[in-house]
Structures are given as C-alpha cells and as structure tokens.
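Good morning, and thank you for making time on the agenda.

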Amino acid sequence: MTSQTTISATGPGDKAPAAPSEPTPSTGLRGHPWFTLITVAVGVMMVALDGTIVAIANPAIQKDLGASFADVQWITNGYFLALAVSLITAGKLGDRFGHRQTFLIGVSGFALASGAIGLSHSIAFVVTFRVLQGLFGALLMPAALGLLRATFPAEKLNMAIGLWGMVIGASTAGGPILGGVLVEHVNWQSVFFINVPVGAIALVLGLLILRDHRAENAPRSFDILGIVLLSGAMFCLVWALIKAPTWGWGSGTTWAFLAVSVLGFALFAYWEQRVKEPLIPLGLFRSVPLSAGVVLMVLMAIAFMGGLFFVTFYLQNVHGMSPIDAGLHLLPLTGMMIVGSPLAGAAITKLGPRIPLAGGMAATAIAMFGMSTLDSNTGSGVMSIWFALLGLGLAPVMVGATEVIVGNAPMELSGVAGGLQQAAMQIGGSLGTAVLGAVMASRVDNDLAGNWADAGLPKLTQPQLDAAAEAVQVGVAPIAPNTPETIAAKITQVAHDTFISGMSLACLVAAGVAVVAVFVALLTKRGENAEAGAGAAHI
C-alpha cells in the first residue's frame, strides 16, 4: 500500500478546516478512531436494523392499515430502492461537502422520517416516509465508511471495517427479534419510534466526536443525468417485477418496463464513459475481483432478504406465532451471524476472502434448500438448524465484502467503491423481495384455484379468487365471517398448503442464486489496499 491517502483532514488548497462552532470537550476526543467507530456504528446500526426489523412488523402493518401484498412489498422495496439509487450520489456529496456534515444530516433526517412513519395512518404515507428514510440512510452509510478511512491508520483500517461490517450484520440479523418484542408488547409504530432516541444519541455523539474530513480531489460538479438514468432504470426494473403477477409475465406492459430498464442501464453506461465526473467510474469494473465482489453482494442480498421476507409470514400466519415468538425463532440466525462475524474476519485475514466467501455462500445455498422443505408441521428444532446455518453462511459475506470491493479499488476511488458495496446490498435486497415475491404470487395464482376445488370448497368468482390469492400470498386464510368451522378448517388448510408451496419454490430459487454466488466468490481476492491491515491484530 502506498503512503498516500485520498482522504485528508484539510480542505482544498491544504487550508485547515474552519473550527467547529461547538466546543471540543477534550483535545483527544474529536477525531479519536475508537470513538469515531462507536459514533458511526450507532448511525449505521439504525439504518441496517430498519432493513429487517420491519419484516416482523409487516403483518401487523398490513392488518392495521388494510394494505395489499404489493403495498407491503413496497414498505421494504421503497426503502431499499431509495438507498440503492442514492448511495453513490451520497458518497460524492460527502466527498464534496465533508463526511461529517453528510453523516449528521443523514442521522437527523432518518430519525425524523422514522417518527413520521409512526404517526402515519395510511399505507401511502408509510411508503412515502420509508423512501425518505432510505434517502437519508444513503447519506449515512458511505459517510460512515469515509470517516473510518480518514481516522484509522492505514494498517489498522481492516480491523475497523471488520467491526463496522459486524455491526451491520448483527443489526440486520437482530432486527426481527427487536421487532417482535416491540410489535407484541407495544405496537408496530414503536418499530419506527425507537429510531428517534437512537438518532438523537448518534447526532450528539457526532457533534462532539466526529472530525471534518474532505477528499483532496473533491468533485466540483454532479452527474445529474447519470443519477436520473440509473434511478429510472432501477425503478422500471423493480416496478416491472412487482407488477408482473398483476399484469401477467407475458403482458406488453411488463416487457415495456423491462425494456425501458435495459435501455436506461445501457444509456447510463454510455454516458458514464463520456461525462467528466461520472457517478460511477466504469474503470472500476476492470478489476475482476472488485466486480465479483459487487455481484456477490447483490446475489447474497437476493437470497437473504427475499427469503427472510416470507419466513416472517410463515412463522406468524402459518404457525400462528406471536411477533416476539417469531423473532425468537430467528434467534439462531441472529446468534450465528454475531458469533460468525469475528470468526469470519479472522478466517479472511488468514486465508484471504476467496475460501470463506465461497464456503459461506455454499452454506447459504444448503440452508435455503433446507428452508424449502419447511411445512405447517415443521418443529422448532428443524427450523433452528436451517436458520443457524443461514446465519453462519451469511457472516463471511457481510464481513468480507467491503474488504474485497474497497481493497481492490484504486485509493482515489475508494469512496465510490464503498458506496458500491452498500448499493449492491440494497439493490439485491430490493430485487430479492421483488423477484421472490413474483415467484410466490405466480405459484399461488397457478395453484390456488385447483387446490380450492380439490378440497371440495364452493367455487369462487374471479374477483373472489383474486382477493383470496392476495391473502394467501402472505399466508392468511381468506375466511369470511360466519363460515362454518369445518369449512373454515378446509380453507385454512388450502391457504397454508398453497402458501408453503409458493414459499418452497421461492426458497429453491434463492438456493439457486446462492449456488451461482459460490462460483462468483471464487473470483474474489484480497486487494492491495487490504494488505496493510491484514496482519493487524490489535489497535
């Protein structure tokens, strides 16, 4: 690693930054590496937690607000999509105006948007403020990584990144448990209200501890057309995937949106090669390991986020668990991610990323295949095995992806590479929910009418069948009031069997995605920027 760095504590022209308006408690506090790590970890934890904590709250939100299946998907997709399309732009904003400022704005906006969701009384407002959450969260994530790179010595940066990745992994996995406690003992709104005090803590810590850092070659302009093209292409892609079950996969509208998406990505790639300061310098992707790391993050998130979306409905609506019980049943997944993260970090430091990442995705594939065998009679012990294996498989990817992507990028593009790592995860999460949701909807639409007839239930009109399919897609039995008990039992059995059939197919698709990711992981390697921290044992 060279002795030069692209991050400096001084502004353009080597002028010292203006003194902060607030007093510094002590000369050793502001800019201290460990305190900086703690501060950014609080903010990042809030963003990562919200990626999965809402999964447990989704059934309660759907019931309380009368939301449709597509509405519930947008609670997740709107958040992930806003994060995904904004992360690179947010990283450039941090380079231009300072990572401290963008972090503080992100923390404040995220907390305020969270409080607004808790006060919302319609699904439209929930989705709108979830999008705002994603936009402010996008300011947080690259700024946090930029602050770590600026404050930690080069030879100790990998340890900081590993701990940062562990916080993200633990928060992502711990979301369902905390969500279960809050939904059951308070209400679904508390899942969002909790971010207000956490955000306030992160803001106070940030004002007292974080030191302003600017990129030496900060951008002076923004690739507005690139932002529009990438955002439009991503929106068209995810919108087509979500609406395809309603429109039909053979519908001209579906294919029109997909075609516009492909065209948007192509125009984006064309424009990025010609603009002076591109949103994403395409030269980054000349590195095969870096490209493999980005693809790996997308594939991992598709399998993980997409699978987790249905597991929460399976536990609550098929097994009849309370939100907190559902969260506790996911404890093996959470525990193995927390335990596995430092173990994965040690393995990656010793062996390099290739073997741990490939092994992790292989374990993820096996776990998703095992989850495809779950049914309405599966016991907690069997579930725990597959959930634990999933957590163990995901840990190396959560911890190692930043090292692979950032470490294989040129130092002057490390901030963009950090944004790519997070953008890849958010895009994958959004695509996973959309793709596996489309798989579930398609299977339910194909099987429900036949299963209903085979059970000897009264024939449904097409509107009734459509309404029933909407309920079954989230594991709910469409039982009308005053339905005789024997008929209600048959409807429940049909609904659960049809839902499980769809979930099984979705998990098999996720397992297939994880298998592809195994081969992608074999293309990764430790980058020269990661070598400096590889041997560091302690700070």
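Let me begin with a definition: helices (H or I, at least four residues) and strands (E, at least two) are DSSP runs, numbered from the N terminus. On that basis Arg100 belongs to helix α3, which spans residues 99-118. Please keep in mind that this is a predicted model, in which local features need pLDDT of at least 70 and side-chain atom pairs count only at pLDDT 80 or more, while totals for chains, interfaces and linings use all residues. Residues are numbered from 1 along each chain as its sequence is written, and side-chain values use heavy atoms, with hydrogens and water left out.

Is Arg100 buried or exposed? Arg100 is buried, because its relative accessible area is 10%; buried means under 20%, exposed over 50%, and partly exposed in between, with a 1.4 Å probe and protein chains only. Its side chain reaches the backbone oxygen of Leu210 at 2.9 Å. Such a polar contact is a pair of N or O atoms within 3.5 Å; within protein, one must be able to donate a hydrogen and the other to accept it, and residues adjacent in sequence count only if both atoms are side-chain atoms.

For the overall picture, the protein has 18 helices and two strands. Of its 539 residues, 58% are buried. Among contacts (heavy atoms within 4.5 Å) with a separation of 6 or more, 84% join residues 24 or more positions apart.

Gly199 illustrates this kind of separation. Gly199 sits in helix α7, residues 195-209, and at 3% relative accessible area Gly199 is buried. Leaving aside neighbours within four places in sequence, Gly199 is in contact with Met46, Val107 and Ala111. Gly199 and Met46 are 153 residues apart in sequence, yet their C-alpha atoms are 7.6 Å apart.

I turn now to helix packing. Two packed helices are described by the angle between their axes and the distance between the axes. Here axes are lines fitted to C-alpha atoms, for helices over the stretch in contact, and angles run from 0 to 180 degrees between N-to-C directions.

Consider helix α10, residues 288-318, and helix α13, residues 354-371: their axes come within 12 Å and cross at roughly 25°. That makes α10 roughly parallel to α13; angles under 35 degrees count as roughly parallel, over 145 as roughly antiparallel, 65 to 115 as roughly perpendicular and the rest as oblique. From α10, Leu296, Met300, Ala303, Gly307 and Val311 meet Leu357, Met361, Met368 and Met371 of α13. By class, these are eight nonpolar, one polar and no charged residues, where Ala, Val, Leu, Ile, Met, Phe, Trp, Tyr, Cys and Pro count as nonpolar, Asp, Glu, Lys and Arg as charged, and the others, Gly among them, as polar.

Helix α10 also packs against helix α2, residues 69-97, at about 140° with the axes 13 Å apart. These two helices are therefore oblique to each other. Phe69, Val72, Gln73, Thr76 and Phe80 of α2 make the contact with Met305, Phe309, Phe310 and Phe313 of α10. That contact has seven nonpolar, two polar and no charged residues.

Finally, what does Thr378 touch, not counting residues up to four places away in sequence? Its partners are Tyr314, His319, Thr373 and Met383. Thr378 is in the loop between α13 and α14 (380-407), and counts as buried at 12% relative accessibility. A polar atom of the Thr378 side chain lies 2.8 Å from the backbone nitrogen of Asp375.
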